[in-house]
Amino acid sequence: MQAFAKKYRLPFTLLSDEGNKVRKEWGVPTDLFGTLPGRQTYVLDRKGVVQLIYNNQFQPKKHIDETLKLLQSL
């Protein structure tokens, strides 16, 4: 994960949720009868307030576009 963040010069921290602890605490659902972990994006502003919760497992391009749109507006 660190190599990915470095390669794309990401100015934020990525979270790897081994064991699904954070997913469960934040209430991220699973998909396909529980066979796939849910993919949910949370965007927090500088004050730590959640500005976006976006869940779209099967349309990753739309998922990225919607998230970037919000980030650019902050």
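Predicted model: local features only at pLDDT ≥ 70, side-chain atom pairs only at ≥ 80, totals over all residues.
How many residues line the largest pocket, and which of them lie nearest its centre? Residues are numbered from 1 along each chain as its sequence is written, and side-chain values use heavy atoms, with hydrogens and water left out.

**View 1. The largest pocket and its lining.** The lining comprises 34 residues, and L14, L15, Q40, T41 and Y42 lie nearest the centre. A pocket is an open set of points on a 1 Å grid over the protein atoms alone, where a 1.4 Å probe fits, with protein on both sides within 12 Å along at least five of seven lines; lining residues have an atom within 4 Å of a point. The volume of the largest pocket is about 1700 Å³, counted as the space filled by probe spheres set on the points. By type, the lining holds 20 nonpolar, nine polar and five charged residues; Ala, Val, Leu, Ile, Met, Phe, Trp, Tyr, Cys and Pro count as nonpolar, Asp, Glu, Lys and Arg as charged, and the others, Gly among them, as polar.

**View 2. Elements around the largest pocket.** Helix 2, strand 1 and helix 3 (60-73) each give two or more residues to the lining. Helix 3 gives the most, with six residues. Helices (H or I, at least four residues) and strands (E, at least two) are DSSP runs, numbered from the N terminus.

**View 3. T41 in strand 1.** With 18% relative accessibility, T41 counts as buried (buried means under 20% relative accessible area, exposed over 50%, and partly exposed in between, with a 1.4 Å probe and protein chains only). Leaving aside residues up to four places away in sequence, T41 touches L52, I53, Y54, H63 and T67, where contact means heavy atoms within 4.5 Å.

**View 4. Two aromatic pairs.** The structure holds two such pairs; rings of Phe, Tyr and Trp (its six-membered ring) pair if their centres lie within 6.5 Å, and planes under 30 degrees apart count as stacked, over 60 as edge-to-face and the rest as tilted. F4 and Y8 form a tilted pair, 4.9 Å centre to centre with 50° between the planes. W26 and Y42 form an edge-to-face pair, at 4.5 Å and 65°. Because W26 lies in helix 2 (residues 21-26) and Y42 in strand 1 (residues 40-44), this pair ties together parts that are 16 residues apart in sequence.
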